[in-house]
Each structure stands twice: as C-alpha cells, then as structure tokens.
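Thanks for coming. I will go through one model today, starting with its sheet and ending with its aromatic pairs.

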Amino acid sequence: MKLLPAPPMLRRPVVQRALLLAAAGLLVAAVFLPLWGMTLVSVQYPEGLRMIVYPTFITGDITEINLLNKAIGMKPIFNDFFLELKVLPVAFAALALLCVVGAFIRRAWWSLLSLLAMAGVGGYGLWSMRHRLWQFGNELSPTAAMTIDPFTPPMIGSNQIAQFATYSYFSWGTTLPLIAGGLVLAVLWAQLGTGRRPNRQRARAKSVSELQPARS
C-alpha cells in the first residue's frame with residue numbers, strides 16, 4: 001500500500017521539530033492535570049461525591065467515599081496503595097524525553113519508537129485502571145455491614161450501584177497524551193516520505209550533480 005504524501009508544510013524539518021517539542025510539552029503538562037474522575041450521586045448526596053485521579057495522587061471527597069466503601073466491604077482508597085501513581089509520572093517524563101531527542105535527531109525509526117512507547121504506556125494505564133476498578137468492586141469483605149453483589153465501576157459513562165448513580169469520565173491528563181501521540185504520528189508520516197538520506201547516498205548524489213556540468 002502506497003503511503004499518501006504528507007502536506008508540504010509538514011515535511012519541513014522545522015515544523016517536525018516544533019511538533020515533537022510540542023508533544024513533549026503536552027506530556028509534561030499532563031503530569032499536573034487530572035487523568036480520570038468519578039462522581040457518586042444519591043438522595044443523601046445530591047451534589048455528588050467526587051474522586052479525581054491525577055498521575056501522582058488521588059483527591060476529592062475521599063474521606064466520605066471511604067466511609068461508604070467500608071460499609072459495603074470495599075478496600076479503602078489511599079495514595080500509597082497505588083503503584084501507578086509512582087510509575088506514571090516517570091513514564092510521562094520518559095515519553096517527553098523521547099520526543100525531545102526525536103526533535104533533534106529527526107529519524108523515522110525514533111518517531112516510531114516514541115509512538116510505540118506512548119501506545120505501551122497508554123495501554124498499561126487503561127489496563128491498570130480497569131483492573132483496579134474490578135478489584136475494588138469485586139474483592140468485597142464478606143463481613144461488611146451491608147451486603148451487595150460484586151460489581152465493576154464504569155471506566156467511562158454511568159451506571160447505578162446500590163443507591164448511587166455513578167458517573168465516570170476521562171479528563172485532560174488523558175487527552176493531552178492522546179494529542180501528543182497524534183503529533184508524533186503526523187511527524188512519522190512526514191518522515192517516512194522525506195526521511196534523511198544516508199550520508200553515503202547524499203555524498204554520491206552530490207558528486208553526480210557536480211559531474212553533470214562537466215559532461216555537458
């Protein structure tokens with residue numbers, strides 16, 4: 001399958017460098033923004049109880065949510081329980097570094113490596129979140145004050161869990177890395193069609209161009 005040519009503007013090295021540096025900036029910014037959130041609404045809490053997950057910590061109405069969780073036998077939520085909160089900031093920083101290096105060496109294989117690394121981190125994040133939601137909703141204590149059927153809170157969207165309506169959503173800390181991945185993909189697209197030629201090939205092309213006037 002033949003690759004469609006990238007727009008002329010995108011084939012300019014300075015534009016590719018700017019896009020990769022912008023991708024690095026988005027990844028760094030994502031470390032300080034919320035990744036995901038959940039709101040629990042009931043008659044007792046009409047304004048909702050919120051839990052907001054950042055790459056480095058969890059915040060919101062955690063004390064109230066933990067009291068409710070204790071009643072149904074769910075594990076308490078606290079920052080030190082989540083290894084992901086230590087892994088994700090380092091992963092985001094490493095991805096940003098890959099983009100910065102790629103901006104200066106401008107190699108298609110490096111952009112592909114960066115893109116695969118971003119896909120790997122994103123896949124790990126989604127798997128980890130899904131696993132944690134299942135873990136908290138299914139590993140309920142049998143000695144809890146209230147007994148409910150095991151459940152898995154939604155990763156995105158809404159559902160009804162006991163007397164609570166649950167609303168889950170992704171936020172800017174998830175969106176910015178997706179945009180960064182799109183920028184790297186665009187650069188890779190352009191580089192696959194206009195990548196640097198090897199030095200030997202460039203030298204040969206130069207010698208041929210120098211000989212052409214003499215032959216004529």
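In what order do the 5 strands of the open sheet lie? The order is E3-E2-E1-E5-E4, and the pairing is antiparallel. Before going on, a note on what you are looking at. This is a predicted model: local features need pLDDT of at least 70, side-chain atom pairs count only at pLDDT 80 or more, and totals for chains, interfaces and linings use all residues. Residues are numbered from 1 along each chain as its sequence is written, and side-chain values use heavy atoms, with hydrogens and water left out.

Some terms for the sheet. Helices (H or I, at least four residues) and strands (E, at least two) are DSSP runs, numbered from the N terminus. Two strands pair if DSSP finds at least two bridges between them. In general, strands of a sheet pair through backbone hydrogen bonds, either parallel or antiparallel.

The edge strands here are E3, residues 58-60, and E4, each of which pairs on one side only. From one strand to the next the twist averages 20°; axes for such angles are lines fitted to C-alpha atoms, for helices over the stretch in contact, and the angles run from 0 to 180 degrees between N-to-C directions.

Glutamine 160 stands opposite alanine 165 in E5. The hairpin of E4 and E5 has 2 residues between the strands, and alanine 162 there takes a positive phi near 55°.

Now the largest pocket. A pocket is an open set of points on a 1 Å grid over the protein atoms alone, where a 1.4 Å probe fits, with protein on both sides within 12 Å along at least five of seven lines; lining residues have an atom within 4 Å of a point. The largest pocket holds about 1100 Å³ of space, where volume is the space filled by probe spheres set on the points, and points are joined across faces, edges and corners.

Which residues lie nearest its centre? Of the 50 lining residues, they are Trp36, Val53, Met129, Arg132 and Leu133. H5 gives the largest share of the lining, 13 residues. By class, the lining has 38 nonpolar, 10 polar and 2 charged residues. Here Ala, Val, Leu, Ile, Met, Phe, Trp, Tyr, Cys and Pro count as nonpolar, Asp, Glu, Lys and Arg as charged, and the others, Gly among them, as polar.

Last, the aromatics. Rings of Phe, Tyr and Trp (its six-membered ring) pair if their centres lie within 6.5 Å; planes under 30 degrees apart count as stacked, over 60 as edge-to-face and the rest as tilted. By this rule the count comes to 8 aromatic pairs. Tyrosine 54 and phenylalanine 57 are stacked, at 4.5 Å centre to centre and 10° between the planes. Phenylalanine 82 and phenylalanine 136 have ring centres 5.9 Å apart and planes at 20°, so this pair is stacked. Phenylalanine 82 sits in the loop between H3 and H4, and phenylalanine 136 in H5, 54 residues apart. Phenylalanine 82 is buried at 10% relative accessible area, and phenylalanine 136 is buried at 7%; buried means under 20%, exposed over 50%, partly exposed in between (1.4 Å probe, protein chains only). Phe78, Phe81, Phe82 and Phe136 form one aromatic cluster.
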